[in-house]
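Good morning, and thank you for coming.

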Amino acid sequence: MIFFNKDEQLENIGNGILDATWAAFPTLARNQIALTWVVYDPPVLVNTGGALTPNAFWDHPVRGFTYRGVERIYPASVVKLFYLVAVNEWLEKGMSQTSKELERALRDMIVDSSNDATSLVVDILSGTTSGPELPTGPFETWKYQRNIVNRYYQSLGWEEMETINVCQKTWGDGPYGRERAFAGELLENRNMLTTNAVARLLHSIVGGVAVSSARSQAMMALLKRPLNDLPTDTEENQVTGFLGGGIPKNAQIWSKAGWTSQVRHDAAYIELPEQRPYLLVVFTEGKVQAKSQAILPFVSGLVAEAIASL
């Protein structure tokens, strides 16, 4: 079962938003965008500081809309959200110990989207390191260890996680040595996510049930983005050109963006003053879309307007 209920009202609004987006951006093909949108109707049970038990949270119905939400797409840095939750699970279970360096890496991985920080996090999660190519036997062991995060998400039993792949580091220039071999000849083993999978994970964090309520709140603190006082480096602030770029300055947003020369994505939980909070995940693909700082804010702005009409 998908974690939200499909809803006719949201279906109509969502399809209208997509039509408006295609009209505004003629280069955006129908298969170059995927979207999942979840609305939190009152009584709102998210961002409450973990007031609910997991069972009560998951039993509470939410409604949503999705377009191509099950399509596997290269997630770029959005995958860092999955490593963030996994590290917190490992720490909670005593499978890893916290340290100043790990804390620094987690912060830089989420706040600044650092690939170097992510590299350390993946090493800690899997007990592996990058380096030259390995002989077959040791490489098989290494690969098995590197898939530990995949096994964790499979163990949750969530339908949305069945098709995902989260085992690769994120790179500036690309993988070398054993990492290149692990990615596969045609990069067939690279990370893959769906907007529904990302939405479910973010939903669990915002709901205070990802690992534990205290850890969910700590993750929320890292995901919080300022809208007023933005760093001038627009590529790096994860607001300009992303979902945060389309909402009013008095809104609040918790998000994780991802972008390469081929994709531009964002996953966000948004609170507008006096409105229902909502969760929005938008993935876009293609060189033109990846460069565009207009598409994600455009979609985000239309969703924000629509929320006012619900």
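Let me begin with a term: a crossing of two helices is called left-handed if the near helix is turned anticlockwise from the far one by less than a right angle, and right-handed if it is turned clockwise. Please keep in mind that the model on the screen is a predicted one.

With that term in hand, consider α4 and α5. The crossing in which α4 passes α5 is left-handed. Two packed helices are described by the angle between their axes and the distance between the axes. Here the axes of α4 and α5 cross at roughly 125° and come within 8 Å. Angles over 145 degrees count as roughly antiparallel and those from 65 to 115 as roughly perpendicular, with the rest, apart from those under 35, called oblique. The pair α4 and α5 is therefore oblique.

Which residues of α4 and α5 meet? From α4 come Glu101, Leu102, Ala105, Leu106, Asp108 and Met109, and from α5 come Ala117, Thr118, Leu120, Val121 and Ile124. Sorted by class, the residues of this contact are 8 nonpolar, 1 polar and 2 charged.

Next, α4 has a partner in α3. Helix α3 covers residues 80-93 and helix α4 covers residues 100-111. Their axes lie 10 Å apart, at an angle of about 155°. The two helices, α3 and α4, are therefore roughly antiparallel to each other. Their crossing is left-handed. On the α3 side, the contact is made by Lys80, Leu81, Tyr83, Leu84, Val87 and Leu91, and on the α4 side by Leu102, Leu106, Met109 and Ile110. This contact of α3 with α4 contains 9 nonpolar residues, no polar ones and 1 charged one.

The remaining pair for today is α3 and α5. These helices pack with their axes 10 Å apart, at an angle of about 40°. They are therefore oblique to each other. Again we have a left-handed crossing, as α3 passes α5. Lys80, Tyr83, Ala86, Val87 and Trp90 of α3 form the contact with Asn115, Thr118, Val121, Val122, Ile124 and Leu125 of α5. By class, the contact of α3 with α5 has 8 nonpolar, 2 polar and 1 charged residues.

I now turn to the empty spaces. Rolling a probe the size of a water molecule over the atoms shows where empty space is left. How many cavities of 30 Å³ or more does a search of the whole structure find? The search finds 2.

The second largest cavity brings us back to the helices. Its volume is about 40 Å³. The residues that line this cavity are Tyr83, Val122, Leu125, Ser126, Arg146, Val149, Val166 and Cys167. Helix α5, residues 115-126, supplies the largest share of that lining, with 3 residues. The lining of the second largest cavity has 6 nonpolar, 1 polar and 1 charged residues.

The largest cavity holds about 60 Å³ of space. Its lining consists of Val39, Tyr40, Asp41, Pro43, Val44, Leu45, Val46, Phe57, His60, Val62 and His203. In that lining, 8 residues are nonpolar, 2 polar and 1 charged.

Most residues other than glycine have a negative phi, and most peptide bonds are trans. The bond joining Pro42 and Pro43, however, is cis, with an omega of about -5°. Pro43 sits in the loop between β2 (33-39) and α2 (54-59). Leu187 belongs to the loop between α8 (178-183) and α9 (195-206).

Finally, let us look at the pockets. The largest pocket contains about 630 Å³ of space. Its lining is made of 26 residues, and those nearest the pocket centre are Tyr74, Thr170, Trp171, Gly172 and Thr260. By class, this lining has 8 nonpolar, 11 polar and 7 charged residues.

The second largest pocket contains about 160 Å³. Among the residues lining it are Ile2, Lys6, Glu159, Glu160, Glu162 and Asn196. The lining of this second largest pocket divides into 2 nonpolar, 5 polar and 4 charged residues.

That concludes my presentation, and I thank you for your attention.

Notes. Residues are numbered from 1 along each chain as its sequence is written. This is a predicted model: local features need pLDDT of at least 70, side-chain atom pairs count only at pLDDT 80 or more; totals for chains, interfaces and linings use all residues. Side-chain values use heavy atoms; hydrogens and water are left out. Axes are lines fitted to C-alpha atoms, for helices over the stretch in contact, and angles run from 0 to 180 degrees between N-to-C directions. Helices (H or I, at least four residues) and strands (E, at least two) are DSSP runs, numbered from the N terminus. Contact means heavy atoms within 4.5 Å. Ala, Val, Leu, Ile, Met, Phe, Trp, Tyr, Cys and Pro count as nonpolar, Asp, Glu, Lys and Arg as charged, and the others, Gly among them, as polar. On a 1 Å grid over the protein atoms alone, a cavity is a set of points where a 1.4 Å probe fits but cannot get out, and a pocket is an open set with protein on both sides within 12 Å along at least five of seven lines; lining residues have an atom within 4 Å of a point. Grid points are joined across faces, edges and corners, and a volume is the space filled by probe spheres set on the points.
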